[in-house]
Amino acid sequence: MATDVIMPQMGESIFEGTITKWLKKPGEKVERDEPLFEISTDKVDAEIPSPAAGVLKEIKVSEGQTVPIQTVVGVIDGAGSAVASAPAPARQEKQEPARVEARERADEKPAPASAPTRAEAAKADAQQPASAPQAAPRPLAATGASAPPQRPGTEKVRSSPLVRRLAKENNIDLTQVPGTGAGGRVSKKDILSAMEGGAAGRQAPAASYASPAQRPAAAPPPPPSGAQAHALLETAVPRERMYFGNYSVEPMSVMRQKIADHMVMSKRVSPHVYSIDEADVTNLVKLRNQKKEEFERTTGSKLTFMPFFIRAAVEGLRAFPTVNSSVDGTNIVFHRECNIGIAVALDWGLIVPVVKNAEEKNFLGLQRAINDLAERARSKRLKPEEVQEGTFSITNPGVFGGLMGLPVISQPNVAILGLGTIEKRPVVVDDAIAIRSMVYLTLSYDHRVVDGAIAHQFMGKIKHFLENWTESIL
Amino acid sequence: MESLPITDNTCWVVDAGFMAYRPAFELQRRLVAARKAGTVPDVLLLCEHPHVITLGRNGRLEHLLASEHLLRQMNVEFHSTDRGGDITYHGPGQIVGYPILNLAAIRRDVAWYVRQLEQVMIRATAEFGIEAGRKAGMTGVWIEASADGDQPATVEKLAAIGVHLSRWVTSHGFAYNVSTDLRYFDLIVPCGIQGKRATSLEALLGRAVHREEVVPRLLRHFAAVLGREMRPVLLGWLEETLHEHEQAREVPVHAAP
């Protein structure tokens, strides 16, 4: 059985469409719902799925031509299509909600006996979702592209209430209007054409359209599928010089690209300066060793060093608010809250969840917040707002054994504290060499607003707070 | 995130920030597939592209005024793409919005949809005290400057629109100039319309305007005009969600288009 392919109506006020591209050639097999051709109207480009499975027998409207809706643009011969399996429609039907059709149909007269039943029509629509509701997939008359189809000799004129109203208001005899809709239905477009005195289904002149040449991207030999040239991810050497010997190429994940973008942006926006200090945390190590089991037993949370550092950082931020700020052009935004971002390493990247209002939390509250955020970061259950609105950040390269690290500022912060590994070192105490638990503290800060004097005083405050810890942790 | 309720009009909002054209295009392709399969609700993807010139399906190459050599020198990428519309430029300072909506569930009318996108941007612009409007036959958001002394009346384009539709699922979308470097538009005939210049919110207001001032306004009006309930989600999370569904469907993730 041959099936006509029609130009669908893509909107109420759209009465014609331009075929921009046939995705199949005559003689080629096509599955039902497989994209068959592309049309464009105004600023919209749409792929139109095939109404049936079979072989594209004929293209009646070539690329670049503009024709009225409902025009037959091609014919599919379904003869050899018995084998064609159509796995897609089942899913399609499910997700195409019927309520739109229902609403549109409510305006229309009950379907005449010869027309598909409502259920069939809904199904047909689902199978051919891109066509207008009136466009039944089974045309009743073979029609040419250049001539509007003649209405079969029906007694009553099929039309919608809107069309009848328009006809009445404009004194138009509907029986005299050639209907181009399904089953000879007089569509809104027909009545509008009649009102203009023009013949429905006029053939629009073929646009002087030249298919745009597919310009090859100016690319060096290896295809840059994932590693697409990127303004920020610029390459330091010509790309040709990266591909040599044995190699494999993998596209960056989006998260990786985001991290890369953020780092490049941060380094570009903020002139980074680094200060390094060290703190004697022998007492904290002792305290933690003493209280570890009790803490875990009574609170159910593991006791880590991070809350000590957050507490110390909050003290520092309160004393030096500039470190807890953001830069907006020539303004400095001083944040009243201390929202501390904690860098969490993931197998697939890095994320910085934020402990909000750290200044209001006690030690246990901080420990719980950190554990919760880190756990959910690793199980991908963070909410967007939980990685936003940080005012300062802490990263802990020491956890991987790093003596110290010089981190990149997480924007829009102006500073980030890096924690080295805590290890026993010989240090001079009261002119004697002692074995103490030491940690390197590094601060990367934005020199636009934070000067070395402030940075070192800030670090001094943290150091002092850590070395003279007095707060109870339970 | 699993606890987020998804209703019929839920629209996830992902602000991807700075993202090159190709990855954004690829992400859209995956979102469209997921939207068709019903594994994600409507999604509005926001981003900002590095310098790139894109040519729509109906575009004409002669509207590209710069040579390939110059583009490379200026670090401007070039892509042919499958959206509607002619040639356009994207770059830093421009908010690019890619709504992946199932129009079948909203309204099956592409002309209506394009008008709504215009409406969203017209309303957002109005919040800055600037009256933007439409030009018949020229999709986009336009600013009319009345004749002033020797200066004749002009019409400048603030935002461009180009849409692709597949089974009523939309992709591509709009590009709104916040603080775009307008000189880059000299490389092309914007949207193929001769003699019309582009403008930006910053140029119109005569002050620095940040993307962050504009995005929430666009989102609010997008929600109101298109009847969506906006839900911000993280890009990484969206990625993982798509990935999981793609694995489940055994669809190759990086299949060539």
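This is a predicted model: local features need pLDDT of at least 70, side-chain atom pairs count only at pLDDT 80 or more; totals for chains, interfaces and linings use all residues.
Angles under 35 degrees count as roughly parallel, over 145 as roughly antiparallel, 65 to 115 as roughly perpendicular, and anything else as oblique.

In chain B, the axes of helix α3 (residues 110-126) and helix α5 (residues 211-226) come within 8 Å and cross at roughly 135 degrees. That is why α3(B) and α5(B) go down as oblique to each other. Their crossing is right-handed. By class, the contact between them has 8 nonpolar, 3 polar and 2 charged residues. On the α3(B) side, B:Val120 and B:Met121 are among the residues involved, and α5(B) brings in several, including B:Leu218 and B:Phe222.

Now for the sheets. Chain A has an open one of 4 strands, ordered β1-β8-β6-β3 with antiparallel pairing. β1 (2-6) and β3 (29-30) of chain A sit at its edges with a single partner strand each, so one side of each has no neighbour in the sheet.

Chain B has an open sheet of 3 strands, in the order β4-β3-β5, and here the pairing is mixed. Its edges are β4 (77-80) and β5 (87-90) of chain B; each has a single partner strand, so one side is left without a neighbour in the sheet. The twist averages 20 degrees from one strand to the next.

| Strand pair | Sense | Bridges |
|---|---|---|
| β6 (residues 54-59) and β8 (residues 72-77), chain A | antiparallel | 4 bridges |
| β3 (residues 52-55) and β5, chain B | antiparallel | 4 bridges |

Zooming in, A:Glu58 has A:Val75 in β8(A) as its bridge partner, while B:Leu55 stands opposite B:Ile87 in β5(B).

Key:
Residues are numbered from 1 along each chain as its sequence is written. Chains are lettered from A and ligands numbered from 1 in the order in which they are written. Two strands pair if DSSP finds at least two bridges between them. Helices (H or I, at least four residues) and strands (E, at least two) are DSSP runs, numbered from the N terminus. Axes are lines fitted to C-alpha atoms, for helices over the stretch in contact, and angles run from 0 to 180 degrees between N-to-C directions. A crossing is left-handed if the near helix is turned anticlockwise from the far one by less than a right angle, and right-handed if clockwise. Two residues are in contact if their C-beta atoms, placed from the backbone, lie within 7 Å. Ala, Val, Leu, Ile, Met, Phe, Trp, Tyr, Cys and Pro count as nonpolar, Asp, Glu, Lys and Arg as charged, and the others, Gly among them, as polar.
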